[in-house]
Amino acid sequence: MGVPIGFVDRVEHMDELRSVVAALGDGRGGQAIAVDGVSGMGKSALLRAFEAEAPAGCRVVSTRCRPGIGPDLMYGPVLDLLLKLGEAEPRRRGRLRRMLGATGQGVVRSAPEVLSAIVPGLGAVFTLGREITEASLDSGSMPFDSLLPFRHAAALRIAEGLLDLVRQGPPTVVVIDDVQHIDESSQLVLDQLLRALAGEPLAVVLSHASDAAHADGKESKVEALLHSWAGEGLLRRRTMRGLPPDAIAELVAQRHPAAPPALSRRLAELTGGHAIFVSLCLEEWTPQDGGEVPLPASLSRVVEERLRALTDQDRLLLATAATQGDVFLSHTVAAAAGLPHDLVMERLRLIARGHRLVVPATPPAWARWESADCYRFEHRALWSVVYTEQSAEQARSRHARIAHALGQGPPETMSLERRLEVARHLRHGGPSCLLASADAHFELARDAATQGLSFAEAERHCEEVIRAVRELPAGTEGRDRRLVRVVELLLSLTEVRWRGQSTPAGGPDIDALAAEAEAAAARCADPDLVIRATLLRGKTLLATRGLVPSLEKLRAAVDLAEEHGDPAALFVARVEYGRQVSKRRLADGLAQLREAERLYASDPRLGGGATPVLQHARNLGEMQLGITLFDSGHLSEALGRLGRCVTRLREEPLNAELPMALNYLAQVRLGLGDDAGAAQALREALGFEADRGGDSAWHAYNAALLARILADRTETRGEARRLTEEAWAETERTWLANLVPIVRNLCAEVLLAGADGDPGAPGAAELLQEAERLAVATCVETRRSGMVRSEIAAYTLRSRIRLRAGDPAGAVEQAREALRMLDEVGDMPVLRTEEVLWHAGRALAAGGAGEEARGLFDRARREVLRKAGLIGDEALRERFLTAVPLNRSLLAADGEGTC
């Protein structure tokens with residue numbers, strides 16, 4: 001037959017792919033190429049031809065992303081590649097065959113389960129991630145950014161597992177066709193692979209249908225990702241365009257040597273070089289037509305001509321088949337059409353033999369045990385024409401019947417692929433399928449998040465649930481309960497992207513959704529739902545409108561839990577309220593957290609870590625009580641509590657809260673003059689999260705706090721600057737609202753310390769300017785968010801910067817604003833009162849208000865002595881008074897030294 005239709009005139013593209021193989025053979029490391037082009041231009045044919053001609057010393061392993069369900073098929077192409085590579089590796093082949101062979105028609109293995117069998121160490125990551133995810137989703141109060149490191153760690157392990165398999169064989173080219181349909185979990189793995197290619201015997205070739213990137217669709221995100229990778233130099237992009245006239249003439253000569261020249265000219269005019277259209281038209285032409293053949297003017301016309309040759313019943317069968325997809329099963333078509341399976345099998349066999357519309361195909365993996373024939377349409381373009389010829393209701397009713405047919409069988413035999421197919425048809429099945437669609441997508445969302453740590457896929461399923469539930473008539477049984485449940489799940493999944501806005505990037509209006517869930521919970525009249533929805537609203541208000549309106553809702557959740565009499569709900573609500581109210585009124589937070597501790601100790605239903613939710617709330621409450629005691633001046637009690645808490649958390653299997661507890665312990669050690677101990681705790685936290693992988697707001701905070709310690713010493717000031725730059729970049733990526741201003745203030749302090757350390761050095765003025773810019777940004781942000789503690793600290797920083805810049809009047813102005821706010825609210829967390837008073841006193845002294853300054857120094861000294869009086873251990877008290885530079889200066893003879 002000659003050169004394949006999609007491969008003619010593709011010499012340049014093939015040479016580019018061959019160069020990738022040549023680079024591998026020469027030991028120059030792997031490269032990556034993405035072949036772009038609109039659908040039907042011959043990209044898949046090019047990849048097949050490339051695979052067929054691979055030299056003996058090179059291995060080509062290919063996979064294809066699935067249209068329709070591909071973006072939700074977590075780890076789909078990655079798992080396929082791993083299985084093919086594992087099958088080629090003798091040590092793992094037997095284990096894989098035993099595992100997959102045992103599946104048979106019995107229990108279906110999940111993707112994470114199979115991946116864990118292939119990739120060493122991955123099972124532990126999935127297990128821990130699943131337990132933490134479930135605790136987060138069940139509690140509604142866990143900081144969700146603690147889950148992202150597990151997802152990132154899973155991607156790292158999978159990529160390393162794939163590379164390990166590659167290293168055990170010949171140089172390898174991985175080919176992924178139709179990458180526009182790739183799921184986001186596989187995207188993470190692919191990203192890791194591309195970044196490792198330079199030193200590995202692996203190359204990557206992708207094909208991408210550029211016309212699939214509709215605005216705001218799943219495929220548009222893949223287009224953006226390819227653009228980003230190309231911009232970083234991780235891959236090259238090459239575009240396949242329409243066949244030129246000379247290539248079409250070559251095809252005509254190969255297929256129909258006797259055809260007149262006019263045929264190729266006419267084809268070029270009508271098709272614009274579209275490879276599939278050219279192929280279809282050539283198949284329609286006969287020698288009797290000569291050069292005057294009246295070729296149809298569109299692809300749909302070609303298909304319609306073929307369909308006219310079918311009987312009405314056969315056209316009905318094909319329309320039903322097209323509703324299942326471009327690949328379909330005979331028994332599903334029979335069930336949806338209401339016809340005997342034997343009859344349908346025979347009709348499809350005859351259609352495939354005589355009409356050039358469908359061809360026999362290998363069934364998808366989820367259907368390999370089905371007693372059915374499998375077919376596919378010759379081209380997706382042909383399938384599209386057949387599918388769109390239905391009326392809207394014909395399509396809806398057929399989708400509904402197909403969903404019912406595919407949904408038969410025991411739940412344990414339902415693979416993810418099959419469940420996604422069922423959900424897809426329910427989604428298009430119209431009003432009668434809304435409830436079933438909502439339930440199917442909710443279970444898929446929950447499983448995607450907990451089993452595969454595939455949070456992006458879970459979000460999309462949640463959005464489908466919300467759409468379906470909203471379309472249900474008001475008053476439908478179960479409607480409101482489903483809405484509350486899915487909104488809570490979706491907001492938990494998107495929490496890491498809340499950036500102090502109502503709508504996170506690419507996400508929903510979080511406060512509007514939370515308000516909708518709150519109203520739905522009230523209609524359900526279920527106290528537990530109402531409490532959870534109220535807590536959730538408190539969190540979204542914190543992100544969108546600030547601390548004060550948030551506290552009103554969190555307080556309401558505590559009151560509701562008290563009225564309901566449920567100790568678990570009351571404990572969780574009180575811990576959450578205590579954690580947040582501490583940021584506004586330290587004494588109230590301390591009272592709430594002490595009461596939560598008393599409740600936990602006195603009620604046997606709460607103790608012993610009865611559930612992950614209660615265990616998580618207990619951990620949060622215990623560490624928050626420790627740091628609140630420190631902020632209130634009870635340093636020795638705080639040190640003991642946090643030391644015990646850290647020791648216990650190190651022994652827990654999940655360790656989710658350990659970086660947070662180590663941060664609090666470091667703060668207490670710093671407050672007691674133990675800089676080395678504080679740095680040790682912070683380095684432990686950073687090391688723990690580095691091993692776990694991924695971005696985390698607490699990792700950024702710990703890095704910034706360590707930088708602040710290092711900035712006071714000349715020999716470590718360079719490391720401090722590097723840490724703050726990395727911490728701020730990570731903060732911008734994670735943006736946990738309550739930590740952002742703290743990290744920004746720490747970055748400003750490091751800059752100020754650099755300027756103070758060497759006042760005459762070049763660049764000192766620029767350091768001061770950058771420090772002031774950061775402090776001003778915090779003042780602006782905290783006025784909206786209500787994070788008064790960080791606002792006071794920022795005004796104090798601005799006063800210090802102005803004083804250092806030689807502007808005592810400006811320093812006094814900023815210091816007075818910090819004092820005014822401190823006098824209004826009293827002691828605050830992450831803010832040492834004596835430090836605010838000390839720096840304000842220095843500014844006022846420089847501004848000529850000596851008497852007022854001395855009064856501030858006296859207040860600061862009394863505060864230090866008050867805290868010292870609460871330290872029972874004599875050695876610890878002595879260190880507090882002498883090892884902390886500020887305290888030492890305040891207690892000097894005149895109380896106005898430097899620190």
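What span should the 19 residues of helix H20 have at 1.5 Å a residue, and how far apart are its end C-alpha atoms? The legends below begin with this helix. The model shown is predicted, so local features need pLDDT of at least 70 and side-chain atom pairs count only at pLDDT 80 or more, whereas totals for chains, interfaces and linings use all residues. Residues are numbered from 1 along each chain as its sequence is written, and side-chain values use heavy atoms, with hydrogens and water left out.

View 1. Helices (H or I, at least four residues) and strands (E, at least two) are DSSP runs, numbered from the N terminus. Buried residues of H20 include Leu434, His441, Phe442, Leu444 and Gly452; buried means under 20% relative accessible area, exposed over 50%, and partly exposed in between, with a 1.4 Å probe and protein chains only. Just after H20, leucine 453 adopts a positive phi of about 50°.

View 2. Aspartate 447 and arginine 419 meet through their side chains in a salt bridge, at 3.0 Å from N to O. Aspartate 447 belongs to helix H20 and arginine 419 to helix H19 (residues 416-427), so the pair ties together parts that are 28 residues apart in sequence. A salt bridge is a side-chain nitrogen of Lys or Arg within 4 Å of a carboxyl oxygen of Asp or Glu. Aspartate 447 counts as buried at 18% relative accessibility, and arginine 419 counts as partly exposed at 23%. The structure holds 67 salt bridges.

View 3. Arginine 237 and glutamate 223 form a salt bridge whose closest N and O atoms are 3.0 Å apart. Arginine 237 is found in strand E5 (residues 236-239) and glutamate 223 in helix H9 (residues 218-231), so this contact ties together parts that are 14 residues apart in sequence. Arginine 237 is partly exposed, with a relative accessible area of 23%; glutamate 223 is partly exposed as well, with 25%.

View 4. Glutamate 770 pairs with arginine 773 in a salt bridge, with 2.6 Å between the closest N and O atoms. The two residues are three apart in helix H35 (residues 764-785), and are thus separated by about one helical turn. An α-helix has 3.6 residues a turn, so residues three or four places apart point the same way. Relative accessibility is 31% for glutamate 770, which counts as partly exposed, and 47% for arginine 773, which also counts as partly exposed. Elsewhere, salt bridges that share partners join Arg427, Glu464, Arg467 and Glu471 into one network.

**View 5. The open sheet E6-E8-E7.** Three strands in the order E6-E8-E7 form an open sheet with antiparallel pairing. Strand E6 (327-329) and strand E7 (358-360) are the edge strands, each pairing on one side only. Neighbouring strands are turned by 35° against each other on average, direction ignored. Three bridges connect E7 with strand E8 (residues 374-377), and three bridges also join E6 to E8; two strands pair if DSSP finds at least two bridges between them. Opposite proline 360 stands tyrosine 375 of E8. Arginine 376 of E8 is the bridge partner of valine 327 and also stands opposite valine 359. Cysteine 374 counts as buried at 7% relative accessibility.

**View 6. The open sheet E2-E3-E4-E1-E5.** Five strands in the order E2-E3-E4-E1-E5 form an open sheet with parallel pairing. Its edge strands are strand E2 (59-64) and E5, each of which pairs on one side only. Neighbouring strands of this sheet are turned by 20° against each other on average, direction ignored; axes are lines fitted to C-alpha atoms, for helices over the stretch in contact, and angles run from 0 to 180 degrees between N-to-C directions. Strand E1 (residues 32-37) and E5 pair in the parallel sense over four bridges, and aspartate 36 has threonine 239 of E5 as its bridge partner.
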